[in-house]
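Hello,

Here is the structure I promised to pass on.

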Amino acid sequence: MAASLRGIPKKVLRFTNRRITSRTAPTAGVPLNRREPPTARNFSAESEPKDTHFGFQTVPEHEKAERVYKVFESVAQKYDVMNDAMSLGIHRLWKDTLLHVMNPQPGLQLLDTAGGTGDISFRFLEYAQSVRQRQLRQRARANQTPSWVEVAADYGKEAEPMESRAMVCDINKEMLKVGKERAERAGITSGVHWVVGDAEELPFDDNQFDVYTIAFGIRNVTHIQQALQEAVRVLKPGGRFLCLEFSKVSNPLLSKLYDAYSFQVIPVLGEVIAGDWMSYQYLVESIRRFPDQETFKEMMEDAGFFRVQYMNLTGGVVAIHSGFKL
């Protein structure tokens, strides 16, 4: 009798384990990493308000997007002028470096998220066009005296679609308005399109773009991981993600100088040039809240990117982050 009683706890434990296993086993055909959490956890997450950072302030999550929108609505008209003033024009070199890293070939489709005034998209189209013209010149030189074999090989070939297109996607209508005005002044009438959209919920189908860029925008997103997952979703297999963002300065002396300039000079410039101290105080603070290079690299890998790497510019003041969708 004692022996049989001693066996009861083991049977109960095995039975409990089976119940737990059966209740937590994934549904057939659903990958483990896409499994839905228990209902009770969902209810708790929805019912309990969460906080996040807005610069150095702590605010409810649902307020951050609206606050960020107001910041860029306020600075839109002076955004490009302030970029030159704050960075002493170096931001142009950073963006040029981004394009050289990208090395876009004719025919690529770019999604320029948080593209605002179109800086990256305009560079992309110019770069792709210059590559196309160079290819045509090389082909013309090579075909000056073609053999009959080369002529026969080219005969009947369909022309390759070589038009590159840039889709500028930004949540802020005022920033897009400024971008469109810049395009009109520059005579850019084709190859670029403008759409209002949220980086956390992009208004595009899966597997649409060859390259996804986001320059100085991802730190303003409320849920960075969700924005990264959206980037993976809309990229074609083999597509590339490129992020240009302020990062962590590694040199102690440069870091002190950079902090002093950021907090003591940039908000003053914002007040003098744009009449808006607080917006540029937020922008400075938001840089300090953004993950460092290694942490953001891990976040990209967690989102599903491969061959993730980064390159520091100006001692780590900014970094270019790169990853591929397989």
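Before anything else, a word on contact: two residues are in contact when they have heavy atoms within 4.5 Å of each other. Helices (H or I, at least four residues) and strands (E, at least two) are DSSP runs, numbered from the N terminus.

Please keep in mind that this is a predicted model: local features need pLDDT of at least 70, side-chain atom pairs count only at pLDDT 80 or more, and totals for chains, interfaces and linings use all residues. Residues are numbered from 1 along each chain as its sequence is written, and side-chain values use heavy atoms, with hydrogens and water left out.

**The protein overall**

The protein has 13 helices and nine strands. Of its 326 residues, 41% are buried, where buried means under 20% relative accessible area, exposed means over 50%, and partly exposed is in between (1.4 Å probe, protein chains only). If you take the contacts between residues at least 6 apart in sequence, 74% of them join residues at least 24 apart.

**H4 and H5**

Asn-83, Asp-84 and Ser-87 of H4 meet Ile-90, His-91, Arg-92, Trp-94 and Lys-95 of H5. Sorted by class, this contact of H4 with H5 has two nonpolar, three polar and three charged residues. Here Ala, Val, Leu, Ile, Met, Phe, Trp, Tyr, Cys and Pro count as nonpolar, Asp, Glu, Lys and Arg as charged, and the others, Gly among them, as polar.

The axes of H4 (residues 79–87) and H5 (residues 90–102) come within 7 Å and cross at roughly 100°. That makes H4 roughly perpendicular to H5. For the angle classes, under 35 degrees is roughly parallel, over 145 roughly antiparallel, 65 to 115 roughly perpendicular, and the rest oblique. Axes are lines fitted to C-alpha atoms, for helices over the stretch in contact, and angles run from 0 to 180 degrees between N-to-C directions.

In the loop between H4 and H5 you will find Leu-88, which has a positive phi of about 55° although it is not a glycine. Leu-88 counts as exposed, at 69% relative accessibility.

**The sheet**

Seven strands form an open sheet with mixed pairing, in the order E5-E4-E3-E6-E7-E9-E8. E5 and E8 stand at the edges with a single partner strand each, so one side of each is left without a neighbour in the sheet. On average, neighbouring strands of this sheet are turned by 15° against each other, direction ignored. Two strands pair if DSSP finds at least two bridges between them.

Let me start with E4 (residues 165–170), where five of the six residues are buried. E4 pairs with E3 (residues 109–113) in the parallel sense over five bridges. Leu-111 stands opposite Met-167 in E4, and Thr-113 has Cys-169 of E4 as its bridge partner. E4 and E5 (residues 192–196) run parallel and are joined by five bridges, with Val-196 in E5 as the bridge partner of Asp-170. From E4 the chain crosses through H8 (residues 173–186) to E5, in a right-handed β-α-β crossover. Right-handed means that, with the strands pointing away from the viewer, the path from the first strand over the helix to the second runs clockwise.

H6 (residues 119–142) lies across E3, E4, E5 and E6 (209–215), running at about 175° to E4.

**Around E7**

How many residues of E7 are buried? Nine of the twelve are, so E7 is largely enclosed by the rest of the structure. Six bridges join E7 to E6, and the two run parallel; Tyr-212 has Phe-241 in E7 as its bridge partner. E7 also runs antiparallel to E9 (residues 318–324), with seven bridges between them, and Cys-243 is bridged to His-321 in E9.

E6, H9 and E7 make a right-handed β-α-β unit. H9 (residues 224–234) lies across E3, E6 and E7 (235–246), at about 145° to E7. Its buried residues, among them Leu-228 and Glu-230, pack against E3, E6, E7 and H13 (293–303).

**One more phi to check**

Arg-307, in E8 (residues 306–313), has a phi near 50°, a positive value in a residue other than glycine. At 63% relative accessibility, Arg-307 counts as exposed.

Best wishes
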